[in-house]
Structures are given as C-alpha cells and as structure tokens.
Amino acid sequence: MESQSSHSLGSRAEPWMALALCAAVLAAAALQHFVRNQPSYAGTFAPDWLPLAATGLAAAGILRLNGRPQWLRLRRALHWSGCLLMVWAANGLPFDLLRLTPLIPLGVDWPGLVKRTLALAAAVVLARLALAGPAAAASTRAASWYGYAAFVLALPYPVLRTWWALGGTPGLKYTGAAGHGFAPLLLAIPWLLAAALSLLLVPTWRWMPRRLLLAAGWFATAVVAMIGPAACWALVTAVVSGGGPRNGIAIWVFGLFYGSWFLWAIAAGAATRSYQLRSAALWTSSPM
C-alpha cells in the first residue's frame, strides 16, 4: 500500500515537474538575451521563438481541460510536439560539454548551456509522461522494422566518406575537398557503430545484454537528436541568407548528411522503444 501511494504521488508530481522545467527553460531563454559577449556559436542551434513554442505546446498537452476523446488526441499531439521542440531547444549541448574539456578549449556559452540542459531535462520528463500514459500503452506497436530503417539512415555518411577515400568525387567540386587519404574515414566510425547498433535492436535474443543495448540505444538517440535538428536549421538559414558551405562540397551532400542524422534519431528512438517493449515481453513470458 505504501509503495502504491508513493507511486501515485510521483505520478501526480511529474506533470508539475514538467511544467516547472518548461517554465525554467523559458526563463533561461529570456535571460540569455541580457548576456553580452557570448561566443559566436551561441545563436546557431535554434530560432529565438523555439523555447516559447515548446513551452506553450507542452503546457497545452499536459493540462487537462476537457475529457472528450477528441481533446485527448489533440492533447497527445500537442504533448509530443512540445517534447520534440524541447529536444530541439536542447540542441548544441554536446558542443557545450566538449568545450568544457581540453579537446576544444574555447569559450562556453554559459547561459545557453543552462538553457539547453534544462530543455533536455524537460524533454526527458515530457517523454516519460507521454510513454507512461494509457493512450500510449494502447496504441503502442512494437514493430521491428524501425531498426532496419535506422540502419539505412546511418549509411549515407560512412558510404560517401569511404567513396571519397577510395578516390571517388560524388558531391565534391575537386579531389581532396573532403580530406586526403584514409584519415577522414575516422569520422565515419561513429556512424558505422550506429548502423551496427540499429541492427542489434531488431532481434530479441536472450543472450544479448538487454540493459546495455537499451542504454546504448537511448544514449545514441539523445546525442544525435541534439545535433541533427540544429544542423538542419543551420543549413536552411545559411541557404536562405544566400550563404551555405564553401569548402568544395556540394550543398546536397550536407542536406543528405544532416537530414539522415535528423531522421536517424527518430528511427533509432522508435527502434529502441520497440526493442524495450518486445524484449520485456519476452523476458516476462519466458519460464524461469
């Protein structure tokens, strides 16, 4: 009884925690405009209106104003929209963390770091609320094809990198525009690992380390989700402003890379969630 009451109390507190985090993101975004001498990378990840839109959609999805089925479906759509926008608001956090290390000893956007950290925390709580709802449990389809989709989306970067290293020039304005020799192939290793992880999330063999795969899947999803949308936004704003990459690589290459990163995060998240549900059902139904 005591554990049930504490669980119920936690369930009631989570929506208020999510609203508090959303409000904190909005406040941090507002305070960021009063800070001067920010690093040049500070405003390149998302538009200024994003925290307000994410907070408004998330709040509309959390608050229970009507019990009609139509409103419940709308609330769910608003909730997920706010969660995804909050993930976008957290974009750039990996670069902030790298700038705190000796690897990239450059200036840190401290107000942005606070805002993006709060946005990531808000996105996690919002996602937990959405996945824990009865509507989510009723509509969940634990399909295994998400892993295959993630595998395909992980391939463009390593395939083109390998092609260039072997002397090919698709998307290059001149030979060597993407680097010389096989050293640039090191940049493709993370995506080769992502491709392998995508396939590992398809089967549910008992001998596979379930917790390790889940940790790797959610971690990789979170990291790429905090890079892909920002990369796409930077490319779009550069093209609209008449700029764009001028390093000898065609602009469609960046569109292919950044678009595949963005879509991989979605497919990998779905694949990880699918594996989580399918493997849990297997472990529950299997005799001890």
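**View A. Asp109 and Arg116 are both buried, where buried stands for under 20% relative accessible area, exposed for over 50%, and partly exposed for anything in between (1.4 Å probe, protein chains only).** Their side chains meet in a salt bridge (3.1 Å, N to O), a term that covers a side-chain nitrogen of Lys or Arg within 4 Å of a carboxyl oxygen of Asp or Glu. Salt bridges that share partners join Asp96, Asp109 and Arg116 into one network. The structure is a predicted model, in which local features need pLDDT of at least 70 and side-chain atom pairs count only at pLDDT 80 or more, whereas totals for chains, interfaces and linings use all residues. Residues are numbered from 1 along each chain as its sequence is written, and side-chain values use heavy atoms, with hydrogens and water left out.

**View B. Asp96 and Arg116 meet through their side chains in a salt bridge (2.6 Å, N to O).** Asp96 lies in helix H4 and Arg116 in helix H5, so the pair ties together parts that are 20 residues apart in sequence; helices are DSSP runs (H or I, at least four residues), as strands are (E, at least two), numbered from the N terminus. Asp96 counts as buried because its relative accessibility is 0%, and Arg116 counts as buried because its value is 1%.

**View C. Glu14 and Arg128 form a salt bridge between their side chains (2.4 Å, N to O).** Glu14 lies in helix H1 and Arg128 in helix H5 (residues 110-132), so the pair ties together parts that are 114 residues apart in sequence. Glu14 is buried, with a relative accessible area of 17%, whereas Arg128 is exposed, with a value of 52%. A search of the whole structure finds three salt bridges.

**View D. Arg99 is placed in helix H4 (residues 93-99).** Although Arg99 is buried, it has no salt bridge, and the nearest side chain of opposite charge, Asp96, is 5.9 Å away; in this count Lys and Arg are positive and Asp and Glu negative, while His and the chain ends are not counted. Not counting residues up to four places away in sequence, Arg99 touches Tyr41, Ile104, Leu106, Gly107 and Val108, contact being defined as heavy atoms within 4.5 Å.

**View E. Ile62 belongs to helix H2 (residues 50-62).** This residue, Ile62, is buried, with a relative accessible area of 9%. Leaving aside neighbours within four places in sequence, Ile62 is in contact with residues including Pro15, Leu19, His79 and Leu126. Ile62 and Leu126 are 64 residues apart in sequence, and their C-alpha atoms are 8.7 Å apart in space.

**View F. Val239, Ile251, Trp252 and Leu256 make up a nonpolar patch on the surface, with about 350 Å² of accessible area together.** Patches are made of residues with over 30% relative accessible area and no salt bridge, like charges being joined within 9 Å and nonpolar side chains (Val, Leu, Ile, Met, Phe, Trp, Tyr) within 5 Å; the areas come from the Shrake-Rupley method with a 1.4 Å probe, and for residues only the protein chains shown count as cover. Helix H12 (residues 251-285) gives the most to this patch, with three residues. Val239 lies in helix H11 (residues 228-240) and is partly exposed, with a relative accessible area of 43%.
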